[in-house]
Structures are given as structure tokens and as C-alpha cells.
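Subject: Structure handover

Hello,

Here is the structure I promised to pass on. Please open it first, then read my notes below with it on screen.

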Amino acid sequence: MRSSLTPLGPPVSRDRIITSFPKWYTPGACLQLKEHFHGQVSSTCQSRNTGTVGLRLSKVVVVGDLYVGKTSLIHRFCKNVFDRDYKATIGVDFEIERFEIAGIPYSLQIQWLEDALRENEPGSCFVFLVGTKKDLLSGAACEQAEVEAVRLASEMRAEYWSVSAKTGENVKAFFSRVAALAFEQSVLQDLERRSSAQLQEWRRVHPRPRRARHPPAWVAVSWGLHPKPLLPAHAWTVPSMTVEG
């Protein structure tokens, strides 16, 4: 099924179409341990009621020390190439990759800018810890490295992935996971905004009636066979009790 939104640019390539929620790399360090999109997201996509979600961008910021493989990782995913000889990236470079998620067009803008995280409020974005050179380790050394990486990811509240820009291992799966999580969050935020706007409009059209300022009937209660009434005009009597209001 295709989205009713007008796609931006040429059709999405087949390997960028996501129909089910991509799984994590390891359950020991993942952001959301689930296998399906949120129920509200699924029903909203099926009804093509995602608002402007398909027309917006989510940004992916790649940070790290020099020569850890940031550029190689992005070039492998965006261009499916691996260049052994490249110069360190300086400045602001980015790629825009287009997806189709649950039938809705969606785009990621991938930047590798060292200080970009300073521009985001804490907790406002997903964080991933990515090992970029999986092909250099094997056997016990790889297992030990991943144990330490999972521990570090847990401390950072990040999701851990191990990939290889050289061989392409896990690269597509990783970015598909990033796109799906960002898309789901965008849809849920849009639904929350619309729900809030609808509630405010309902309250505007149906203002809350003002409460009458008459005191309740049980304001004054006195006990006795012959109580002295506080407000004789409004008093009524039962055996041994008088309620005045």
C-alpha cells in the first residue's frame, strides 16, 4: 500500500521500504524491546492519517573521534561504497536518505558534526553506540569487546550496534532501526499535538458552566430536642436533628 502523500523526489528504492518494525542488534542493549510498531502508529498509518509526518525530516547526528569510521559508515549506507583512502571530514556534510515506512514517505538527514549534540536538549533524541569496524575482530576478542560495549551503552542509556562499513554487515539494518524509531516517535508526537488541539477547541466551544454560589443544605447541623434555628425561613426539622441552610 502506498501513501496518499505526494512523495518528495524519485520513488523510494526497494531496500528503503520498511513494512515491519526492525529488530534490535542485541536485547542486552536496546532502546525499545518490542517487535511491532505502536498500535496507534499502525492504525494511523493504515488510515493514512499521519498529518505532515511524511513531509518532515528527522536528523541523525554522527559524532566520534577522527578515523573511527563515521564517513565510511555513512558512505556505505547512502552510496554502498567503501573507500580505504579518504581524508578526515571537516565541517558540516550531510546526506538525505528517503524511506517508506508502513506506507508513509519519511526522510532522514544524516550529519556528522562533532558538536551537534550540544544543540539538542538532553533526552530529546535517541542515542546509539555503534562499533564501526566489526570486521577487525572475531571470536573471543569480538565477544569481549561487545560485552564491554553493551555495558557502556547501558550507562549511556543508548542502544548498541556493531557494524562493518567495509563489508556492509548490519549497516542497512542499523539505519532502518534508526528510521523506524524516529518515524514512530514523530507519529506519536503528531497525534499528541492533534489530540491537545482538539481538546482545547472542544473546551472553547463547550465552556464549563459556572457553579451556583448557593450554600449546600448541610451547612449548619445542630443536635437537640429544641435547637435554636440559624435561618428559620429555610429550616426543616426531623426528630432530634435540625438541618438549616
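Start with the sheet. It is open, has 4 strands and runs in the order S1-S3-S4-S2, with mixed pairing. Strand S1 (17–18) and strand S2 (57–61) are the edge strands, and each of them pairs on one side only. S1 pairs with strand S3 (residues 94–101) in the parallel sense, over 2 bridges. Look for Ile18 there: its bridge partner in S3 is Ile101. Keep in mind that this is a predicted model.

H4 lies across S1, S2, S3 and S4, and runs at about 115 degrees to S4. H2 lies across S3 and strand S4 (104–111). Its direction is at about 45 degrees to S3.

How do H2 and H4 pack against each other? Helix H2 (residues 70–79) and helix H4 (residues 171–205) meet at an angle of about 85 degrees, and their axes are 10 Å apart. H2 is therefore roughly perpendicular to H4, since 65 to 115 degrees counts as roughly perpendicular. On the H2 side, the residues in contact are Leu73, Arg76 and Phe77. On the H4 side, they are Val171, Lys172 and Phe175. The residues of this contact divide into 4 nonpolar, no polar and 2 charged.

Stay with H2 for a moment. This helix is mostly covered, with 8 of its 10 residues buried. The buried ones are Lys70, Thr71, Ser72, Leu73, Ile74, Arg76, Phe77 and Cys78. What covers them includes S3, S4, strand S5 (128–131) and H4. Just after H2 comes Asn80, with a positive phi of about 55 degrees.

Next, the inside. The largest nonpolar core has 32 residues. Which of them touch the most other members? They are Ile101, Leu108, Ile110 and Phe183. Helix H1 (39–46), H2, S3, S4 and H4 are the elements that give two or more residues to this core. H4 provides the largest share, 11 residues. Phe183 is worth a click. Leaving out residues up to four places away in sequence, Phe183 touches Phe37, Val41, Cys45, Val53, Ile101, Ile104 and Tyr106. There is also a second, separate core of 6 residues, and Ala29, Ala153, Ala158 and Tyr160 are among them.

Last, a few loop residues. Ser164 sits in the loop between strand S6 (159–162) and H4. Is Ser164 buried or exposed? It counts as buried, because its relative accessibility is 0% and the cut-off for buried is under 20%. Leaving out residues up to four places away in sequence, Ser164 touches Thr132, Lys134, Asp135, Glu169 and Val171.

Arg157 is in another loop, between helix H3 (139–156) and S6. Its relative accessibility is 74%, so Arg157 counts as exposed. The phi of Arg157 is near 55 degrees, a positive value in a residue other than glycine. Arg48 also has a phi near 55 degrees, again positive in a residue other than glycine. You will find Arg48 in the loop between H1 and S2.

Best wishes

Technical notes:
Residues are numbered from 1 along each chain as its sequence is written. This is a predicted model: local features need pLDDT of at least 70, side-chain atom pairs count only at pLDDT 80 or more; totals for chains, interfaces and linings use all residues. Side-chain values use heavy atoms; hydrogens and water are left out. Axes are lines fitted to C-alpha atoms, for helices over the stretch in contact, and angles run from 0 to 180 degrees between N-to-C directions. Angles under 35 degrees count as roughly parallel, over 145 as roughly antiparallel, 65 to 115 as roughly perpendicular and the rest as oblique. Contact means heavy atoms within 4.5 Å. Ala, Val, Leu, Ile, Met, Phe, Trp, Tyr, Cys and Pro count as nonpolar, Asp, Glu, Lys and Arg as charged, and the others, Gly among them, as polar. Two strands pair if DSSP finds at least two bridges between them. A nonpolar core is a set of buried Ala, Val, Leu, Ile, Met, Phe, Trp, Tyr and Cys residues joined through side-chain atoms within 4.5 Å. Buried means under 20% relative accessible area, exposed over 50%, partly exposed in between (1.4 Å probe, protein chains only).
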